[in-house]
Each structure stands twice: as structure tokens, then as C-alpha cells.
Amino acid sequence: MKKILTIILVALTFSAFSAQLKLGHINSAELMRMMPELEQAEQRLQQEVREAEAAYGTMITEFQNLMQEFEANQHQWSDLIRNTRLGAIQDLQRRIQEFEQQSQRELQFLQESLMTPIIERARTAIEDVARENGFTYIFDTSGGMLLFAADSDDILPLVKRRLNLN
């Protein structure tokens with residue numbers, strides 16, 4: 001009997017609590033696509049990627065030229081020349097690997113530094129709209145994790161208005 005009363009009490013408490021909840025949802029990916037700052041950040045990042053790829057391409061071409069020269073002439077060179085040229089090839093190969101790693105780190109850092117203010121601006125707008133409109137929870141539908149959203153308000157139009165987006 002005590003268990004039944006406990007279950008009924010918990011159910012009543014939950015139903016009273018849930019009656020006070022105001023749920024909302026937003027597709028944050030759609031919101032981000034609407035923000036003009038995102039396009040600017042993507043353009044900046046793509047410019048950096050193109051520059052890194054050009055530098056990488058130059059290094060690869062130099063490596064291929066050195067390898068072709070080495071393969072064509074190694075039999076004619078003395079051991080000293082052959083070892084010196086082989087050392088230059090190995091050094092260039094090491095520099096190419098370092099460049100790849102460093103450029104990946106720098107591009108990752110740039111992407112984070114460009115995206116953080118945009119994400120923060122969107123998050124702040126979502127929080128402001130949620131507070132101003134009395135929402136208890138806001139769910140993000142862009143991740144595909146929300147399987148059901150009955151009695152939930154889409155706050156995207158409110159957030160767009162807050163951010164002055166069309």
C-alpha cells in the first residue's frame with residue numbers, strides 16, 4: 001500500500017511539475033546558416049585552406065623534382081653527392097610532414113576562433129528568447145536526437161528577430 005501511495009505521490013508531483021514546464025525547440029544548424037557571419041567565416045577559412053594547399057603543392061612539386069633528379073642521376077654521382085642529395089630529399093620530406101601537421105593545427109585553431117563568437121551570439125540569443133518568453137527547456141532539433149516534441153514551441157522565428165535575420 002505504501003508503494004502505491006508513493007507511486008501516486010510521485011506521479012502527482014511530476015504532473016504538477018510538468019504542467020509548469022514550457023518547452024521549446026530550435027534547429028540551431030538552420031539558425032547558423034542564416035547568420036551572415038558564418039559565410040564570412042567560411043570564406044576566410046577557405047582562403048586560408050587555399051593558401052595552405054598552394055604552399056603544400058609547391059613543396060610536393062619540389063620533392064617530386066628532387067626525386068626524379070636523384071633517380072636519374074644517382075648512379076653518376078659520387079657517394080658524397082648522392083648522400084647529400086638524399087639528405088636534402090629526406091629533409092624536404094620531413095618539412096612536408098611538419099607543414100601538414102602545423103597547417104592542420106592552425107586551420108583547426110582558425111576555425112574555432114572564427115566560429116566561437118558566432119556560436120556564442122546564437123546561444124546568447126536563444127537564452128535571451130527563452131528567458132523572455134518563459135521557456136523552461138529549449139531542445140535543439142538539428143542533432144537528430146529529439147525523437148518527439150509534443151507541446152513544444154519553435155523559437156527560431158523569435159531568435160531570428162532577436163538577431164535581425166530575415
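**Entry 1**

Three strands make an open sheet, and their order is 2-1-3. The pairing is parallel. Strand 2 covers 137-140 and strand 3 covers 152-154, and both stand at the edges. Each edge strand has a single partner strand, so one side of each lacks a neighbour in the sheet. I noted the twist too: from one strand to the next, it averages 30 degrees.

A reminder to myself about pairing in general: strands of a sheet pair through backbone hydrogen bonds, in a parallel or an antiparallel way.

**Entry 2: strand 1 and its partners**

How many bridges join strand 1 to strand 2? I found four, with the two strands running parallel. Strand 1 spans residues 23-26. I then looked up a residue facing strand 2. Ile26 stands opposite Asp140 of that strand.

Next I turned to strand 3. Strand 1 pairs with strand 3 over three bridges, also in the parallel sense. Here Gly24 stands opposite Asp153.

**Entry 3: the whole chain**

I stepped back to list the elements. The protein chain has five helices and three strands. Starting at the N terminus, I read them as α-β-α-α-α-β-β-α. The chain has 166 residues, and 22% of them count as buried.

**Entry 4: how confident is the prediction?**

I checked the confidence scores. The mean pLDDT of the protein chain is 87. A score of at least 70 is reached by 84% of the residues.

Which element has the lowest mean pLDDT, and which has the highest? Helix 1, residues 2-19, has the lowest, at 53. Helix 3, residues 36-73, has the highest, at 96. Where pLDDT is low, predicted coordinates should not be read in detail. I keep that in mind for helix 1, with its mean of 53.

**Entry 5: aromatic rings**

I searched for aromatic pairs and found two in the structure. One of them is Phe70 with Trp77: the ring centres are 6.0 Å apart and the planes meet at 55 degrees, so I call the pair tilted. The tilted class lies between stacked, under 30 degrees, and edge-to-face, over 60.

Are these two residues buried or exposed? Phe70 is buried, at a relative accessible area of 9%. Trp77 is buried as well, at 17%. Buried means under 20%, so both values qualify.

Trp77 has a further contact to record. Arg85 lies over the face of Trp77, 4.7 Å from the ring centre. I found another charge over a ring elsewhere. The charged end of Lys22 sits over the ring of Phe135, at 4.6 Å from its centre.

**Entry 6: two side chains in helix 4**

I picked Ser103 and Thr116. Helix 4 spans residues 79-132 and holds Thr116. Ser103 lies in helix 4 too.

Where does the side chain of Ser103 reach? It reaches the backbone oxygen of Glu100, at 3.1 Å. Ser103 is buried, with a relative accessible area of 14%.

The side chain of Thr116 also reaches a backbone oxygen. That oxygen belongs to Glu112, and the distance is 2.6 Å. Thr116 is partly exposed, with a relative accessible area of 49%.

**Entry 7: towards the end of the chain**

I looked at Met34 next. Met34 lies in helix 2, which covers residues 28-34. Its relative accessible area is 24%, so I list Met34 as partly exposed.

How many residues separate Met34 from Leu165 in sequence? The count is 131, yet their C-alpha atoms are 6.8 Å apart in space.

Last, I looked up Asn164. Asn164 sits in the segment after helix 5, whose residues are 156-162. Asn164 has a positive phi of about 55 degrees, although it is not a glycine. Asn164 counts as exposed, with a relative accessibility of 68%.

Technical notes:
Residues are numbered from 1 along each chain as its sequence is written. This is a predicted model: local features need pLDDT of at least 70, side-chain atom pairs count only at pLDDT 80 or more; totals for chains, interfaces and linings use all residues. Side-chain values use heavy atoms; hydrogens and water are left out. Rings of Phe, Tyr and Trp (its six-membered ring) pair if their centres lie within 6.5 Å; planes under 30 degrees apart count as stacked, over 60 as edge-to-face and the rest as tilted. Buried means under 20% relative accessible area, exposed over 50%, partly exposed in between (1.4 Å probe, protein chains only). A charge sits over a ring if NZ of Lys or CZ of Arg is within 6 Å of the ring centre and within 35 degrees of the ring normal. pLDDT is the predictor's confidence in each residue, from 0 to 100. Two strands pair if DSSP finds at least two bridges between them. Axes are lines fitted to C-alpha atoms, for helices over the stretch in contact, and angles run from 0 to 180 degrees between N-to-C directions. A polar contact is a pair of N or O atoms within 3.5 Å; within protein, one must be able to donate a hydrogen and the other to accept it, and residues adjacent in sequence count only if both atoms are side-chain atoms.
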